[in-house]
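My entries follow the display.

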Amino acid sequence: MEWQRLEYFRVVAKTEHFTKAAEQLAISQPALSRSITHLEEELGVALFDRIGRSVQLNPFGKRFLQRVDRALQEIQDGVQELHQMQDPYTGSVSLAFVMTFGLSILPELLSKFNRVYPNVEFLLHQSPTTIIHKQLLHSEVDLSIVGLLENRKGITWHKLIEEELFVYVPANHRLASQDAIRLAELAEEPFITFKRGYGMRTLTDQLCGLAGFVPKIKFEGDDVATVSVLVSSGLGVTLIPTFTGIDSSKIKRMRVTEPLCRREIGLAWVEDRTLSPSAELFRTFIIEQFRREHL
């Protein structure tokens, strides 16, 4: 089966008109008609219903088009990969990241990289930790910036940074006059935290457990902005990394003296899977950046 005939079939299927399809493909209409006829003969079924000068996919054609779209996309991806192998500075990188890291460090990191390699494009995915794990294993992303994964079978995780976690309380909270507290002091407080599946939710549950209590969850959110707004509104307290943009007149940050509240963030990729040259370039860049900053 010729690849070109599949492309001709797809264009006719999209336009539903032989004349328009022939013009788009820059070939004669008789040649296009012959190509579709040969394809149908090879498959042993008709793919179109002819209606005057127009055509319409029949059930066989609709099903076949789904497969052809996937096949031609694979070919297109393969051509792109070959181009990237020739020039890693013009490819793309698919990157998943945890939301709290994306707000704090990632924008500056990408800006630094793009100043050196301006023609590399990024496809960014902000996801919970559990989703990032699936995205990696299913080859939906090249790399991810994520906390320490519980199940790392088949995945390489390289530590980049260790961050301190802070308690945030409303500015008028009974403990807001303090600069530091023990986490156990919040045992009876309502917590504003993240939904299950987020790394910060897992850490919050674990650290509260170390402090001897189960957090009383009042609200589960998807992002730091929502969590911080609800805390500043007086609805509860939270445990998150430091972040910019807080209004100190409405929310107070405090260091936790006990237990040690920290999280590790690293770069993850699938073992034994060859990265595109552009993704390999970014992996080397980000590891080197953090190595220099934490020598």
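I worked from a predicted model, in which local features need pLDDT of at least 70 and side-chain atom pairs count only at pLDDT 80 or more, while totals for chains, interfaces and linings use all residues. Residues are numbered from 1 along each chain as its sequence is written, and side-chain values use heavy atoms, with hydrogens and water left out.

Entry 1, helix pair. I looked up helix 1 (residues 3–15) and helix 2 (residues 18–25), which pack at an angle of about 130° with their axes 8 Å apart. Angles here run from 0 to 180 degrees between N-to-C directions, and axes are lines fitted to C-alpha atoms over the stretch in contact. Helices are DSSP runs (H or I, at least four residues) numbered from the N terminus. I noted that helix 1 passes helix 2 in a right-handed crossing (the near helix is turned clockwise from the far one by less than a right angle). Helix 1 contributes Y8, V11, V12 and T15 to the contact, and helix 2 contributes F18, K20, A21, Q24 and L25; contact means heavy atoms within 4.5 Å.

I located S278 in helix 10 (residues 277–293). S278 is buried, at a relative accessible area of 0% (buried means under 20%, with a 1.4 Å probe and protein chains only). A polar atom of the S278 side chain lies 3.3 Å from the backbone nitrogen of G91.

I found T129 in helix 7 (residues 129–137). T129 also counts as buried, at 15% relative accessibility. Leaving aside residues up to four places away in sequence, T129 touches V98, V146, L149, G197, Y198 and G199.

Definitions and conventions: Helices (H or I, at least four residues) and strands (E, at least two) are DSSP runs, numbered from the N terminus. Buried means under 20% relative accessible area, exposed over 50%, partly exposed in between (1.4 Å probe, protein chains only). A polar contact is a pair of N or O atoms within 3.5 Å; within protein, one must be able to donate a hydrogen and the other to accept it, and residues adjacent in sequence count only if both atoms are side-chain atoms.
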